[in-house]
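Please walk through this structure with attention to its strands, its core and its charged side chains.

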Amino acid sequence: MIVKGLILWLVGLALGGVLLSRNISAQANADLTYALEHTPQGIPLQQYFKIGTSLNNHARIVDSNTQATVNTQSVELTNSTSQVGSIWSTDNNTFDLDNEQVASMWLYFGDGGSDSTDDESSKNNTAGDGMAFVLQNDSRGTAATTNMHKIYGETLGVWGYDDENNQKESPTSVAQSAIQNSWALEFDTHMNLRSQYDSLIGPGNSYDIDASAGKLKFPHIASNYPGNVNSYHVEKVYHTADGKPGWWPGNDWRSYVSLNHNGLIMGQNFNFLSNKNWHHLTLKYEPQRNGDSKIGDMTYTFNDKDPETGAPLAGRSQNVPIDKSKITDKDHPHTARWGFTGATGSSYENNLVVFEQIPDLVDVSADAQLTSLTQNKKIQENDTVKEHDSVQLDYMIKYLGGKSEWHDVVANLELPKHIKYLGGKITYSGQDNATETITFKDFSAATLIRKLSHIFNRNRSHVKISLNGEVAEGAGKVSAATSSFKGTEAVAEATVPSFRVAPLKFLELRLTNESTQDVDEGQFVKIAGNVAVQDENLKNPDLRLHVKSNGQEVYNQPLSGSDAFGAINQKLQSSLFTENKNDVTVWVTDNQGHTSDPIALTVYLGRLALKSVTGNLNFSGQLNGRTQLLKSQEPFSVNVEDTRKASGSGWHLEATATALDKDDAAGQPLAGQLLYKANGLTTVLSDSAQNVISHTNSERVIPNKLTTDPDQGFYLQVDGGAVGGTYTGRITWTLSNTP
């Protein structure tokens, strides 16, 4: 029974492992899909590189999955646990150690990092393990990789193999297991910092305990010679009698191997490399260092381009010497094979490389320059152009040399916005100075794609693309724009820096509200828009908004300091506008005496008013002892002005009437009552309010002057018992703004 229970437990564990593997694979595939959908511009690889030929190599070439970088390929070094991957330059594409070299590429390290700054055991820090750029003359050629019985991620496929729990005095065997005759620049995404007091110290988990580099805490970039014993050092941990850290049963001491990190660039958290971003790397190699031809000079700069725009960034750089004797051999005294290696242990990530410029194949460059012809000024970062400035945009593409010509170059121009392009010209160097015309029709979008007609070589080494245009209206900042020039052998990029557009006038007022506004009493007149200002040192309180209505200034206040600079968003009380139709002008001034051009508005004020009603009403007749109905001797009329804008609004007119009293000392009331007839209805007026007229608007603005028809109006009903005499009373009118 015990055996059966153990078997069932093991089966359950195996099934759980399978499910976990599938989840990990799904996560990796999603990250790989994301990376390939955001691939930067690069070149095809098959002609210049060869996938490593070691038996355990998992590297492969994958295509970009975005139209923006069509024909770009990347190498995927690793994508799961316990893998090694490598890619190497072909035999005719070596790294010349005796000449200047430039290489540039984009690197992707997955999405396993985090903003965490605590130790690597955090569950959020799942990246592993990284990759390395390698120069080598190992006798195994494209099969070169670390000799390992079990794959350890800390080797990155290039460093030595440390498989002992307790290393001896010298790490010679570790160095011998590495790629020989090599120099490596590592991009380490997983910290191998197993405590020197941990029972699991080594194997394969101590390379980042490097006291000589300071305390390594986070993912980093560093370099050294993998096959050289001096790149490693052994640290001893001695036994202590009281059992405190350092104690190990049966031994006086234990030891571990650490890697020496030269030219260190370290992040500030675990998001430095594995952060779901592409990272740009530029390598610049000089064949001599301080005049010594035996020592090369390598400068590597990381994150020197924006992955979204391609615009240049400062990045972070380190400079290290390259001892050529540690790389070359008798068969290759001046060159080295070069490429990338990667490895993973129990943690992993998608490691991808896109090559942009290959050393010694072709050396190309591209520059961009925007010039204001109106101001005769070359525009630098954050410089200012003015609306309607005539401008010229020049792209200069140069072939500086190399073993190959530069073929099939396509100019993908990301044109700066806010410029109306009118045309241009492409001029090729060479004896014929060939030219091509770019017409207005070519500028159908913000991107201009043009395949260049000629091959670049020493005889036709450069081309100039010149575009003419005019700065469009509208002040503000225009973002930098990076264009690419991609050929079969290399990619060059050029960036037009960001700049600002200033209005032609010192103050340029632009309103976004309607030029004609209908507002009702109690509502607001909206003044919205912005004012463009040439002097960026001014603040909103230095600017004042002025409003004049029918020749009189009704508003003069500074702009709000809490709003964006130059923003106008004012609501003015309708009581400032007193006429039915108001001619309004709006302008802005500053504290230096500048004034914007005024902008005219029209404001219609909607209101409800009782303009007039008939004055005295007189009724006359002869008493005959019977009830009589006497009509008013004056026709009744009422003039209601309703200029409100909303259809469906309305009003009603109410009347209250006092009793009709005889004009004598006794003041006897009349036996009768006052009536109002309209539309076949009769209303008795009393001291309680009675609705006399109601109206609902059916048009946007209507005048209301209502006069009673012959059968409508006021009547006096006199009872049969009335006493003759003169009687008077009072009618009070009330106009309400409801139907």
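Predicted model: local features only at pLDDT ≥ 70, side-chain atom pairs only at ≥ 80, totals over all residues.

Residues are numbered from 1 along each chain as its sequence is written, and side-chain values use heavy atoms, with hydrogens and water left out.

The chain has 50 strands and 2 helices. Both kinds of element are DSSP runs numbered from the N terminus, with at least four residues of H or I for a helix and at least two of E for a strand. Of its 739 residues, 48% count as buried; buried means under 20% relative accessible area, exposed means over 50%, and partly exposed lies in between, with a 1.4 Å probe and protein chains only. A contact is a pair of heavy atoms within 4.5 Å. Among contacts in the chain with a separation of 6 or more, 75% are between residues 24 or more positions apart.

Two strands pair if DSSP finds at least two bridges between them. β8 pairs with strand β7 (residues 130–136) in the antiparallel sense over 7 bridges, and phenylalanine 133 stands opposite leucine 185 there. β8 also pairs with strand β9 (residues 220–224), again antiparallel, over 5 bridges. In that pairing, glutamate 186 stands opposite alanine 222.

Which residues touch the most other members of the largest nonpolar core? They are Trp183, Phe187 and Phe340, in a core of 42 residues. A nonpolar core is a set of buried Ala, Val, Leu, Ile, Met, Phe, Trp, Tyr and Cys residues joined through side-chain atoms within 4.5 Å. β14 runs antiparallel to strand β13 (residues 278–286), to which 6 bridges join it, and leucine 281 stands opposite phenylalanine 302 in β14. On β14 there are also 8 bridges to strand β15 (residues 316–323), likewise antiparallel.

Aspartate 96 lies in strand β5 (residues 95–96). Aspartate 96 is buried yet has no salt bridge, and lysine 324, the nearest side chain of opposite charge, is 7.4 Å away. For charge, Lys and Arg count as positive and Asp and Glu as negative, while His and the chain ends are not counted. The side chain of aspartate 96 makes a polar contact of 2.6 Å with that of asparagine 99. A polar contact is a pair of N or O atoms within 3.5 Å; within protein, one must be able to donate a hydrogen and the other to accept it, and residues adjacent in sequence count only if both atoms are side-chain atoms. Leaving aside neighbours within four places in sequence, aspartate 96 is in contact with Gln101, Tyr285, His334, Thr335 and Asp360.

A salt bridge is a side-chain nitrogen of Lys or Arg within 4 Å of a carboxyl oxygen of Asp or Glu, and the count by this rule comes to 11. In one of them, arginine 60 meets glutamate 76 at 2.5 Å, N to O. The pair links distant parts of the chain, with arginine 60 in strand β2 (residues 60–63) and glutamate 76 in strand β3 (residues 73–78), 16 residues apart. Arginine 60 is partly exposed at 39% relative accessibility, whereas glutamate 76 is buried at 1%.

Another salt bridge joins aspartate 91 and arginine 337 at 2.9 Å, N to O. Aspartate 91 is in the loop between β4 (84–89) and β5, and arginine 337 is in strand β16 (residues 335–343), so the pair ties together parts that are 246 residues apart in sequence. Aspartate 91 is exposed, with a relative accessible area of 62%, whereas arginine 337 is buried at 17%.
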